[in-house]
Amino acid sequence: MGAGFLVGLIGVLILSHATYSTIQYRALLKITEEEFSGPPIDVVVELIVSLVLCLWAAMTAPGSFKSIHPHSEENRVVALPANLDFMIFNHRGKIFPLETELKLK
């Protein structure tokens, strides 16, 4: 479990706490019969902090990118799958001609 995952978990926990605080605040406003004009400032700060933490975790937790170049060493096929039963060569693509003779007018 890396640091990015831990920061993301903390961000989600802070987000859920901000949600619970807003629900509790609205219930308090119903009891006192006041109008809901918006969440309190501490909830807004919690939302911003959780957004920053979750974004940072989303950028760092996945790890490094893999190469997409076709001739890269990372993209080599080292072996065929062990179960060849799922390799299908008899499919609807055989009705199409192998050489297409399309001409532009």
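Residues were classed by relative accessible area as buried under 20%, exposed over 50% and partly exposed in between, with a 1.4 Å probe and protein chains only. The structure is a predicted model, in which local features need pLDDT of at least 70 and side-chain atom pairs count only at pLDDT 80 or more, while totals for chains, interfaces and linings use all residues. Residues are numbered from 1 along each chain as its sequence is written, and side-chain values use heavy atoms, with hydrogens and water left out.

Two packed helices are described by the angle between their axes and the distance between the axes. Helix H1 spans residues 3–32 and helix H2 spans residues 41–60, where helices are DSSP runs (H or I, at least four residues; strands are E, at least two) numbered from the N terminus. The two helices pack at an angle of about 155°, with their axes 8 Å apart; axes are lines fitted to C-alpha atoms, for helices over the stretch in contact, and angles run from 0 to 180 degrees between N-to-C directions. H1 is therefore roughly antiparallel to H2, a class for angles over 145 degrees, whereas those under 35 count as roughly parallel, 65 to 115 as roughly perpendicular and the rest as oblique. By class, the contact of H1 with H2 has 14 nonpolar, eight polar and one charged residues, with Ala, Val, Leu, Ile, Met, Phe, Trp, Tyr, Cys and Pro counted as nonpolar, Asp, Glu, Lys and Arg as charged, and the others, Gly among them, as polar.

Ser50, found in helix H2, is buried, with a relative accessible area of 2%, and its C-alpha atom is separated by 6.6 Å from that of Val12, 38 residues apart along the chain. Phe5, in helix H1, is partly exposed at 49% relative accessibility, and the C-alpha atoms of Phe5 and Trp56, 51 residues apart along the chain, are separated by 9.8 Å. Ala61 lies in the segment after H2 and counts as partly exposed at 46% relative accessibility; its C-alpha atom is separated by 7.6 Å from that of Ala3, 58 residues apart along the chain.

Most residues other than glycine have a negative phi. Glu33, which is not a glycine, has a positive phi of about 55°; this residue is found in the loop between H1 and H2 and is exposed, with a relative accessible area of 72%. The charged end of Arg26 sits over the ring of Phe36, 4.5 Å from its centre, the criterion being NZ of Lys or CZ of Arg within 6 Å of the ring centre and within 35 degrees of the ring normal.
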